[in-house]
Amino acid sequence: MKKDLTLLDLLLESTGADIDSRTIEPGNLFFALPGSKTDGSRFASDALEKGARAVIVARDSGLEGDDYWLVEDVLQTMQQLAGEYRRWLNVPVLAITGSNGKTTNKNLLAAALGTKYQVHATAGNFNNHIGLPLTLLNAPKETEFLLLEMGTNHFGEIATLCEIAQPNYGSILNIGKSHLEFLHSVEGVLKAKAELADYLNHHDGYLFLNLEEDSLGPLKSHPVQKIRFDRNHLPETDYVVEMEKFSGGIELRLKSKNVDKTLTLKSSLWGGHNVQNLIHALAVSSYFKTDLASVVEALAGYVPKNNRSQILTWKGHRVYLDAYNANPTSMRHSISFFREEYPHQGVLILGDMGELGAATLEEHQSILELIDALGFEQVWLVGEYFRMAAGKEYPHFNFCPEVEFVDERAIQKGDPILIKGSRSMELERLVGG
Ligand SMILES: CC(=O)N[C@H]1[C@@H](OP(=O)(O)OP(=O)(O)OC[C@H]2O[C@@H](n3ccc(=O)[nH]c3=O)[C@H](O)[C@@H]2O)O[C@H](CO)[C@@H](O)[C@@H]1O[C@H](C)C(=O)N[C@@H](C)C(=O)N[C@H](CCC(=O)N[C@@H](CCC[C@@H](N)C(=O)O)C(=O)O)C(=O)O
Ligand SMILES: Nc1ncnc2c1ncn2[C@@H]1O[C@H](COP(=O)(O)OP(=O)(O)OP(=O)(O)O)[C@@H](O)[C@H]1O
Ligand SMILES: C[C@@H](N)C(=O)N[C@H](C)C(=O)O
């Protein structure tokens with residue numbers, strides 16, 4: 001590799017970065033990471049054959065030559081370079097975290113802020129120590145706004161992601177019972193997510209704070225500078241969110257306080273939790289002085305996919321497919337919404353919730369109590385945790401540790417179905433997903 005070039009120079013000449021030789025594009029930098037089964041350096045020559053601009057490999061990989069950039073630690077180098085490039089870009093960076101709704105909000109905001117800025121956002125949920133630097137390294141040079149999802153399941157991870165991404169704005173969407181295995185309790189989740197507020201506080205940044213989200217109460221006293229909002233107080237605009245309804249999706253009406261103007265936002269998202277997601281997207285967009293009519297149009301155009309808050313028709317049943325992931329908080333939201341929407345009918349197909357550690361049985365038990373109290377008559381519970389949590393007889397519950405298909409004969413024609421479970425349960429396969 002030419003000695004007068006820095007890695008940042010190489011990146012600026014490149015077409016982005018990848019860690020997988022199978023997906024690499026011509027002109028990419030290839031970061032040869034160690035994995036659980038093999039080592040990326042074994043695919044260095046494949047990457048070069050496919051037109052990689054350069055390969056970043058560990059010094060002890062045995063590889064040498066002009067195409068190789070030798071480093072002590074490939075992941076650390078990737079993270080440092082991502083940080084350097086973020087400084088080079090010098091654009092607003094908004095980091096989004098929270099127990100639930102990160103990807104949905106990131107997608108909503110990418111659409112909304114995209115009406116004004118050239119936004120580069122996290123792909124999928126590439127939100128960890130590998131995905132976040134990759135997101136940054138793949139931002140086009142023309143990027144005007146960076147929108148980054150930050151995920152965590154251990155203390156200290158958000159702090160590390162902040163050091164890399166150096167956000168000047170942040171949003172903690174909610175604090176729930178997610179990833180309790182290593183975060184232990186809701187207080188632990190708050191502490192982990194508050195690492196974003198701590199970073200912003202020490203770097204003159206701003207935290208968006210949704211005053212309607214009760215779980216964020218403890219953050220009200222955090223010393224970070226805040227941009228507070230609720231449906232009646234969206235920043236930088238006189239519009240208020242006047243009405244909502246939940247039939248076949250969410251409808252929000254935005255009304256100007258000063259002039260006779262109304263904007264109607266019809267979203268194919270469902271549930272009270274998604275109302276909060278839409279209000280959050282409206283608040284952040286209005287803070288950045290976007291044209292609200294264009295934002296409303298962009299948000300209305302957002303169609304949930306990838307098993308998150310999807311509505312689909314399957315064999316004559318309306319299916320609420322929420323099988324991307326699950327934790328006690330999002331599970332309760334979905335079940336409660338479903339009962340409100342269908343007080344006297346409806347089939348629940350629920351899968352185990354993962355990564356809850358010592359709280360696993362208690363949290364599954366608590367979900368069983370909720371569905372018992374709500375009086376559901378057709379409940380299919382999939383997985384060992386639910387089976388183990390059931391200490392008493394539930395006449396209408398069917399425990400099936402594994403299930404390959406929904407027995408249509410057991411479901412009344414036309415009944416709606418809610419499917420919710422952790423990623424590991426892959427419940428979408430039940431309806432052909
Ligand atoms: C290191 C790595 O690349 N991991 C990926 C890799 O895993 P694996 O260990 O199996 O790799 P291998 O041993 O097979 O290969 C080693 C490397 O060689 C490359 N290679 C291999 C073969 C070949 O022909 N050519 C090659 O170049 C290969 O690419 C490896 O680099 O492969 C898996 C399958 O493709 C990947 O799944 C794995 O990726 C890891 C999981 C990863 O972190 N990917 C990020 C890009 C990412 O952001 N992934 C997100 C998921 C994020 C997430 O789970 N977030 C949590 C919260 C954060 C928790 C945090 N503590 C954490 O643990 O991550 C959340 O709740 O949101 C995603 O995939 O969506
Ligand atoms: N504001 C919210 N409050 C509670 N639950 C929510 C909220 N938003 C979304 N959810 C639930 O979380 C599921 C996953 O949504 P999303 O992927 O946006 O969350 P996430 O935080 O990004 O999760 P992950 O990091 O695992 O991708 C949705 O299908 C829905 O059930
Ligand atoms: C897929 C991973 N990001 C996640 O959300 N895990 C939880 C525990 C789930 O699958 O429900």
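Let me start with Arg423 and ligand 3: a backbone N or O atom of Arg423 lies 2.9 Å from an oxygen atom of this ligand. Keep in mind that this is a predicted model.

In Ser422, an N or O atom of the side chain is 2.5 Å from an oxygen atom of the ligand. In Asn325, a polar side-chain atom lies 3.4 Å from an oxygen atom of ligand 3. On its own, ligand 3 exposes 310 Å², and the protein buries 76% of that.

Which residues surround ligand 3? They are Asn325, Ala326, Gly354, Glu355, Ser422 and Arg423. By type, this shell divides into one nonpolar residue, three polar and two charged. As for where the ligand is, ligand 3 sits in the largest pocket.

Now to ligand 2. The space that ligand 2 takes is likewise the largest pocket. Asn325 turns up again here: one of its polar side-chain atoms lies 2.8 Å from an oxygen atom of ligand 2. So far, then, Asn325 has a polar side-chain atom 3.4 Å from an oxygen of ligand 3 and one 2.8 Å from an oxygen of ligand 2.

Two further contacts belong to ligand 2. A polar side-chain atom of Asn277 is 2.9 Å from a nitrogen atom of the ligand. At Gly101 the backbone takes part, with a polar atom 3.0 Å from an oxygen atom of ligand 2. How much of ligand 2 does the protein cover? Taken by itself, ligand 2 has 630 Å² of accessible area, and the protein covers 94% of it.

There are 21 residues around ligand 2, and those that come nearest are Lys102, Thr103, Thr104, Arg308 and Asp322. The shell divides into one nonpolar residue, 15 polar and five charged. Three helices each supply at least two residues of this shell: α4, residues 102-113, α9, residues 272-287, and α11, residues 328-341.

Last, away from the ligands, a sheet. Four strands form an open sheet in the order β1-β2-β3-β4, and the pairing is parallel. Which strands are at the edges? They are β1, residues 17-18, and β4, residues 68-71, and each pairs on one side only.

Between them, take β2 and β3. Strand β2, residues 29-31, runs parallel to β3, residues 54-58, and three bridges join the two.

How values were computed: Residues are numbered from 1 along each chain as its sequence is written. Chains are lettered from A and ligands numbered from 1 in the order in which they are written. This is a predicted model: local features need pLDDT of at least 70, side-chain atom pairs count only at pLDDT 80 or more; totals for chains, interfaces and linings use all residues. Side-chain values use heavy atoms; hydrogens and water are left out. A residue is near a molecule or strand if one of its heavy atoms lies within 4 Å of it. A polar contact is a pair of N or O atoms within 3.5 Å; within protein, one must be able to donate a hydrogen and the other to accept it, and residues adjacent in sequence count only if both atoms are side-chain atoms. Accessible areas come from the Shrake-Rupley method with a 1.4 Å probe; for residues, only the protein chains shown count as cover. On a 1 Å grid over the protein atoms alone, a cavity is a set of points where a 1.4 Å probe fits but cannot get out, and a pocket is an open set with protein on both sides within 12 Å along at least five of seven lines; lining residues have an atom within 4 Å of a point. A molecule sits in a cavity or pocket if more than half of its atoms lie within 2 Å of its grid points. Ala, Val, Leu, Ile, Met, Phe, Trp, Tyr, Cys and Pro count as nonpolar, Asp, Glu, Lys and Arg as charged, and the others, Gly among them, as polar. Two strands pair if DSSP finds at least two bridges between them.
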